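I opened a notebook page for this model. The entries below follow the order in which I looked things up.

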Amino acid sequence: MIANATVEPAATPERPPVADGRTARRSPLRRLLGRPEMGALVGAAAVYALFYAVAPTFRQLDSLSTVLYQASTLGIMGVAVALLMIGGEFDLSAGVAVTTSALTASMFAFQLTLNVWSGVLIALVLSLAVGALNGVLLVRTKLPSFLVTLATFLMLQGLNLAVTKAITGNVATDSIRDMDGFDQARAVFAATLTIGDTQLRVSVLWWLGFAALATWVLLRTRYGNWVFAVGGNPESARAVGVPVAFVRISLFTTVGFAAWFVGMHQLFAFNTVQSNGGIGNELLYIAAAVVGGCLLTGGYGSIVGPAVGAFLFGMANQGIVYANWDPDWFMFFLGGMLLLAVLLNLWVRRQATRR
């Protein structure tokens, strides 16, 4: 008999570590599918192929220039609205704010017979103030951005019409075509460039420039990290030192700046402004951001996606005309396109996160 013998436990085979989804390595294809803008890119390719096939006029360079112009005015606002949505909020007053900016610049300069740049600067101050007011009200009252900006939308809509009629006696402003500074302002906001045999509006270049700048800010700066953090979980962001109130107010102010810029483009492109313009455009801005992969819940998205979404809407807007389809079907087509793009984004995201 052997005393004090010990029995060694049987060796068990080592199990491979289980990936928990956070550390699992994904294939390049999965990483590509996980990009927010992938759904918009696929949708834009499909819409382009459709109109390329059914509308011969759509294939011309001049037609592409027109599509880009239609996309640019939507896309400039889409950049600011996308940043706001990534930050977890949205702005229902963005559409009429564009008209408010243009009306202010036009009437201030015309009624006081000043250089048009004075009206441009006053409109900038007002637009930034309206955006900041939306942000301050949101932060102070804790109300949802839907309610705050809905109230702003209704007030601006009423002011646009009432003040314009009271000052001009009409529902539109007077032409400022012959006023001092008009040609210089037009060169900045609404010039037409000739490239070869094709004319291109300068708003397209501004759109691409703003999109590039916003992409850099979002992905390469501390402020961009704050935007994602505030949109994802504001309480957790506040706990780690993110200035949540500042981020929210600054994002609304950015929307105000974009509204001013697009308003100036409309003013100097058409010389006069209708006081009832812009109603409903806020839904197009939000739709472009959603098609581009931004979540309504915040914390996820990109700038490239909404830019592609704006281009997609520009193609739909002009493609229907070039295809000689009944333009009354445009909004139906746009709604169906939005629904399909959202479903495609959902499917792509699920495929990208599957293990």
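**Entry 1: helix H6.** I began with burial in H6. Ser145, Val148, Thr149, Thr152, Phe153, Leu156, Asn160 and Thr164 are buried there. Buried means under 20% relative accessible area, exposed over 50%, and partly exposed in between, with a 1.4 Å probe and protein chains only. Helices here are DSSP runs of H or I with at least four residues, numbered from the N terminus.

I then asked what the buried residues of H6 pack against. The partners are helix H4 (94-111), helix H5 (116-141), helix H11 (244-270) and helix H12 (281-291). Contact means heavy atoms within 4.5 Å.

Next I checked the length. H6 covers residues 145-168, which is 24 residues, and should span 34 Å at 1.5 Å a residue. The expected span is 1.5 Å times one less than the number of residues. The end C-alpha atoms are 33 Å apart, which agrees. Just after H6, Gly169 takes a positive phi of about 75 degrees.

**Entry 2: ground rules.** This is a predicted model, so I noted the limits: local features need pLDDT of at least 70, side-chain atom pairs count only at pLDDT 80 or more, and totals for chains, interfaces and linings use all residues. Residues are numbered from 1 along each chain as its sequence is written, and side-chain values use heavy atoms, with hydrogens and water left out.

**Entry 3: positive phi without glycine.** Most residues other than glycine have a negative phi. Thr113 has a positive phi of about 50 degrees. Thr113 sits in the loop between H4 and H5. Thr113 is exposed, at 66% relative accessible area.

Asn324 has a positive phi of about 60 degrees, and is not a glycine either. I found Asn324 in the loop between helix H13 (304-322) and helix H14 (330-353). Its relative accessible area is 70%, so Asn324 counts as exposed.

**Entry 4: the nonpolar core.** How many residues does the largest nonpolar core have? It has 92. H11 gives the largest share of this core, 14 residues. A nonpolar core is a set of buried Ala, Val, Leu, Ile, Met, Phe, Trp, Tyr and Cys residues joined through side-chain atoms within 4.5 Å. The residues with the most contacts inside the core are Met77, Phe189, Trp260, Met264, Phe268, Ile303 and Phe313.

I followed one of them, Ile303. Leaving out residues up to four places away in sequence, Ile303 touches Val79, Ala82, Leu83, Ala211, Ala214, Thr215 and Leu218.

**Entry 5: salt bridges.** I counted three salt bridges in the structure. The cut-off is a side-chain nitrogen of Lys or Arg within 4 Å of a carboxyl oxygen of Asp or Glu.

Arg248 pairs with Glu89, with the closest N and O atoms 3.4 Å apart. Arg248 lies in helix H11 and Glu89 in the loop between helix H3 (61-86) and H4, so the pair ties together parts 159 residues apart in sequence. Are these two buried or exposed? Both Arg248 and Glu89 are buried.

Asp183 and Arg177 meet at 3.1 Å, N to O. Asp183 is partly exposed at 48% relative accessibility. Arg177 is also partly exposed, at 37%.

Glu235 and Arg238 meet at 3.2 Å, N to O. Both lie in helix H10 (residues 234-239), three residues apart, about one turn of the helix. An α-helix has 3.6 residues a turn, so residues three or four places apart point the same way. Glu235 is exposed at 54% relative accessible area, and Arg238 is partly exposed at 40%.

Note on methods
Helix = DSSP H or I, 4+ residues; strand = E, 2+ residues; numbered from the N terminus.
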